[in-house]
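Work through the exercises below with the sequence and the model side by side. Try each task before reading its solution.

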Amino acid sequence: MSQDAPPTPPVDFLAVGHICRDLLPDGGWVAGGAAAYGGLTAASLGCRTGVVTSAAAADDWPAAFPELAITQIAAPATTTFENVYTPGGRVQTLHAVAGPIRAEHVPPNWARARMVLLGPIAGEVDPALIHLFSDSLVGVAPQGWLRGWDERGRVSPIAWESAAAVLPLAAVTFLSEEDLTGTADLAAYRRLAGILVLTQGARGCTVFCRDEARTFPSPAVDVVDPTGAGDIFAAAYLARFHQTDGNLWAAAEFANHIAAHAIVAQGLWPKMQIIRQLVDELTHAPGGGR
């Protein structure tokens, strides 16, 4: 960080990863990425939230997301994805990648955030950055470390090379079924992880801790746009885990509820509006409150 940089406000929740452009079929785009979905979800749940990201100057993410305190590292391009959902799953193409994110890019006082979500989407987060957050509840959503792409930008699964170094240091690791290349992957990750949460789309999630596994069904909803569901889930899980002093099962039920209801809307901002409404309803319900 530059010595001339303005002071950064303290945060409760820190999301690290690229805020990206997600291309739309009509030729437009919307902001996306784990840092955007996860960061805004945390903010909607009442957390003071910061984001460390990288993008081209043309994308002024601090101005676009006034709800978030954002440190943006300059890059020649903004990470840009194209997502096409088919009956066989998501087909993803990567058109551009912003810069790497390393420990020196994190404001010093943000290294003491209570909750941290490492959410790479294109291999941009240095795995060694996890050592910076020794006093934080660290969640890892490793999808960006599990993605490779060819010369056309077509994304495909790759091995998670830093898994053995990262998993034992994370409080919670979030994986989706599409992140796995087989059952052997899941078994290997379970041996290394403290708490591992596998999201399973409409079926909900399974939480693994030591030798115990519990499955939590998701509420039945009419899915309109599943983009960002896993990132919303991860942020909601971390926030609830922290609020309940480590109740990993209650956190799963809460995150299922939030993520399932958010994806009945199209796009980032409508999803956040639904989350804010849900939080308001839960807060004002009999016996509610945080």
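Predicted model: local features only at pLDDT ≥ 70, side-chain atom pairs only at ≥ 80, totals over all residues.

**Exercise 1. Work out how the span of helix 5 compares with the span expected at 1.5 Å a residue.**

Solution. 
- Locate the helix. Helix 5 covers residues 229-243, which makes 15 residues.
- Get the expected span. Multiply 1.5 Å by one less than the number of residues. For helix 5 this comes to 21 Å.
- Compare. From first C-alpha to last, helix 5 reaches 21 Å, close to the expected value.
- Look just past the end. There D245 has a positive phi, about 55 degrees.

**Exercise 2. Decide whether helix 5 is mostly covered or mostly open, and list its buried residues.**

Solution. 
- Set the cut-off. A residue is buried under 20% relative accessible area.
- Apply the cut-off. Eleven of the 15 residues in helix 5 are buried, so the helix is mostly covered.
- Name them. The buried residues are A229, D231, I232, F233, A234, A235, A236, Y237, L238, A239 and F241.

**Exercise 3. Describe how helix 1 and helix 5 pack.**

Solution. 
- Find the partner. Helix 1 spans residues 34-44.
- Take the geometry. The two helices pack at about 40 degrees, and their axes lie 8 Å apart.
- Classify the angle. Under 35 degrees would count as roughly parallel, and 65 to 115 as roughly perpendicular. Helix 1 and helix 5 are therefore oblique to each other.
- Helix 1 and helix 5 make a right-handed crossing.
- List the contacts. Helix 1 supplies A34, Y37, G38, T41 and A42, while helix 5 supplies D231, I232, A235 and A236.
- Sort by class. The contact has six nonpolar residues, two polar and one charged.
- Link back to Exercise 2.

**Exercise 4. Is S162 buried or exposed, and what does S162 touch?**

Solution. 
- S162 sits in the loop between strand 11 (155-157) and helix 3 (163-166).
- Check the area. S162 has a relative accessible area of 14%, so S162 is buried.
- Find the contacts. Neighbours within four places in sequence aside, S162 contacts P127 and W145.

**Exercise 5. Where is A170, and which residues does A170 touch?**

Solution. 
- A170 is in the loop between helix 3 and strand 12 (172-176).
- Check the area. A value of 6% makes A170 buried.
- Find the contacts. Residues up to four places away are not counted; A170 then touches I130, V138 and V140.
- Take one pair. A170 and V140 are 30 residues apart along the chain, yet their C-alpha atoms are separated by 6.4 Å.

Terms used:
Residues numbered from 1 in each chain as written. Heavy atoms only, no water. Helix = DSSP H or I, 4+ residues; strand = E, 2+ residues; numbered from the N terminus. Buried < 20%, exposed > 50% of the residue type's maximum accessible area, 1.4 Å probe, protein only. Axes fitted to C-alpha atoms, helices over the stretch in contact; angles between N-to-C directions. Parallel < 35°, antiparallel > 145°, perpendicular 65-115°, else oblique. Left-handed = near helix turned anticlockwise from the far one by under 90°. Contact = heavy atoms within 4.5 Å. Nonpolar A, V, L, I, M, F, W, Y, C, P; charged D, E, K, R; others polar.
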